[in-house]
Every structure is written in C-alpha cells, then in structure tokens.
Amino acid sequence: MFKRFFKTLREIIYPRYCLLCRKRNPLLDADEPVCSGCIAKIIPITSPFCKKCGRKILRFDASGGICAECYKSQFHFDRAFAGYPYDGVIKELIHQFKYKNKIALGKCLSGLLIEFTKEYRLPLDGCDYVIPIPLYAAKLREREFNQAQILAHYVTCHYKLIQVDNNLQRIRNTATQTELDKRLRLENVRGAFKLKNPQALKDKTILLIDDVLTTGATASEAARVLKSAGVTAVYVLTLAN
C-alpha cells in the first residue's frame with residue numbers, strides 16, 4: 001500500500017516523459033528513458049550487407065557483395081557491421097547521447113546494438129579484445145565520457161569479452177568529421193592514433209566499437225595502427241551507418 005502511494009506521489013512530483021516524443025509515460029525509468037512507441041520506429045538495416053562496410057546494398061548494385069563506395073576505398077579493417085541506418089529516431093538518440101549529456105541512453109542504445117548482433121549471429125566470441133574508438137584527452141575532459149566506451153562496456157559484458165580501454169590512444173585533436181567530405185576525413189584522421197603497448201595486441205583479433213560509421217575513415221585509421229602492431233584481424237561494430 002505504502003509502496004503504491006509513494007510511487008503515485010513520485011509520479012505527481014516528478015512525472016516521467018519520453019526523451020524524444022515528450023509524452024508522459026509512468027512506465028519509464030532512468031535506464032529506459034525512451035518509450036516503446038519511439039523505439040518501434042527504429043528499423044534495423046536488413047541484408048544483404050556490403051561485406052566490407054556493412055551498409056545495405058541491392059544485389060544488382062554490387063559485385064561479390066562489395067558496395068560501390070568500398071570498391072573506391074581502401075579500408076584497413078577486415079569488415080564492419082552496423083545495426084541501423086543513421087537517420088530518424090536513432091540519429092536523434094545518438095545526438096542526445098553524445099552532445100546533450102544523456103548518458104542514461106547508453107544502456108538503451110547498447111541494447112539495440114546487442115539485439116542486432118544476436119539477430120545476425122555475429123561471431124563476436126572469436127574476438128580477443130574489444131577496443132572502443134578513443135577520444136582525444138581534451139575532448140574527453142569536455143564531454144566527460146566516451147560514448148564508444150559505454151557501448152563497448154555493455155557489449156563486452158553481454159558476450160563476456162575483454163575490453164581494453166587505454167592501449168589505443170588518440171594523440172591528435174582532429175576536427176569534427178561531420179562537416180568534412182570523404183577526402184578531408186581521411187586526411188583529418190591520418191596519424192591520429194598510437195598504441196601505448198603494441199606488443200600486447202600482437203597476433204590478436206580486435207573488435208573496434210564506435211557509435212557511427214560514416215565514411216569509415218576513423219575506424220580505418222585505427223585499424224591501420226593496430227595492423228602495424230601485428231594484429232591479425234580488425235572488425236568494426238557500430239550502432240549506425
């Protein structure tokens with residue numbers, strides 16, 4: 001009786017609203033701040049996928065399962081996977097997560113990412129280490145968290161993998177990639193990463209995790225540094241592309 005009373009009182013004093021549609025919903029909590037109606041609008045990428053970047057392709061648009069963009073690009077990672085197209089609800093959630101300090105969305109977004117990996121049975125258990133794409137130190141201090149690190153944490157816990165946070169380091173404060181074209185993005189991230197302990201990753205298979213894969217420039221540069229240290233294979237997993 002008292003539990004129901006305090007629950008009702010809390011709802012009167014601190015009513016809960018969906019972070020996106022702003023509709024009042026007493027079923028929401030701190031870990032799930034988005035209503036089921038908004039979540040239902042998130043449509044996953046469906047196969048066939050490009051065998052390199054993970055984007056959806058039409059069978060007649062590609063030869064050998066590689067999209068036209070990947071034929072024109074040279075990526076250092078072996079394959080990338082992404083769960084959802086970067087638009088609509090998922091784009092807004094990622095924006096709120098990264099730039100509006102809505103850290104509570106980490107669990108919700110990670111759940112969507114894990115759901116995608118389970119649906120397509122991605123062989124993540126074959127990876128030795130999970131490494132989130134790092135932020136430059138000054139940007140990390142400004143934002144106070146690394147969104148890739150949070151996503152990686154939930155994926156790592158779910159699959160009982162090993163997360164390595166401090167070996168791959170971003171040593172240069174690159175410009176924001178969103179406002180650059182493909183050529184400038186490649187130039188922007190060149191030389192942006194280094195390894196603190198390269199020997200620890202030799203002959204290992206690495207899963208890189210980030211929130212979004214756009215041109216693939218950042219993930220490719222990180223993979224190049226890892227491969228130069230003797231890493232056997234580098235796979236990339238992102239929430240959206």
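Predicted model: local features only at pLDDT ≥ 70, side-chain atom pairs only at ≥ 80, totals over all residues.
Local features need pLDDT of at least 70, side-chain atom pairs count only at pLDDT 80 or more, and totals for chains, interfaces and linings use all residues. Residues are numbered from 1 along each chain as its sequence is written, and side-chain values use heavy atoms, with hydrogens and water left out.

Four strands form an open sheet in the order β1-β6-β5-β2, with parallel pairing. Helices (H or I, at least four residues) and strands (E, at least two) are DSSP runs, numbered from the N terminus. Two strands pair if DSSP finds at least two bridges between them. At the edges lie β1 and β2 (129–132), each of which pairs on one side only. From one strand to the next, the twist averages 25°. Axes are lines fitted to C-alpha atoms, for helices over the stretch in contact, and angles run from 0 to 180 degrees between N-to-C directions. Strands β5 (residues 205–212) and β6 (residues 233–240) pair in the parallel sense over seven bridges. Aspartate 210 has threonine 238, in β6, as its bridge partner. Helix α7 (residues 147–159) packs on this sheet. The helix touches β2, β5 and β6, where contact means heavy atoms within 4.5 Å. The direction of α7 makes about 125° with that of β5.

The whole structure holds four salt bridges, each defined as a side-chain nitrogen of Lys or Arg within 4 Å of a carboxyl oxygen of Asp or Glu. One of them joins aspartate 78 and lysine 227, with an N to O distance of 3.2 Å. Aspartate 78 lies in the loop between α3 (68–71) and β1 (79–84), and lysine 227 in helix α9 (residues 217–228), so the pair ties together parts that are 149 residues apart in sequence. Accessibility is sorted into three classes: buried is under 20% relative accessible area, exposed is over 50%, and partly exposed is in between (1.4 Å probe, protein chains only). Aspartate 78 is partly exposed at 31%, and lysine 227 is partly exposed at 29%.

Helix α9 also holds the pair of glutamate 221 and arginine 224, three residues apart, about one turn of the helix. Their side chains meet in a salt bridge at 2.8 Å, N to O. Glutamate 221 is buried, at 7%, whereas arginine 224 is partly exposed, at 33%. A further salt bridge joins glutamate 69 and lysine 72 at 3.3 Å, N to O. Here glutamate 69 is partly exposed at 39%, and lysine 72 is exposed at 62%.

Aromatic pairs number five. Rings of Phe, Tyr and Trp (its six-membered ring) pair if their centres lie within 6.5 Å; planes under 30 degrees apart count as stacked, over 60 as edge-to-face and the rest as tilted. Phenylalanine 49 and tyrosine 120 are edge-to-face, because their planes stand at 80°, with ring centres 5.0 Å apart. This pair links distant parts of the chain, 71 residues apart. Phenylalanine 49 lies in the loop between α2 (36–39) and α3, and tyrosine 120 in the loop between α5 (105–119) and β2. Phenylalanine 49 is buried at 16%; tyrosine 120 is partly exposed at 29%. Phenylalanine 75 and phenylalanine 77 have ring centres 4.9 Å apart and planes at 15°, so this pair is stacked. Phenylalanine 75 is buried at 13%, and phenylalanine 77 is buried at 1%. Ring pairs also link Phe49, Phe116 and Tyr120 into a cluster.
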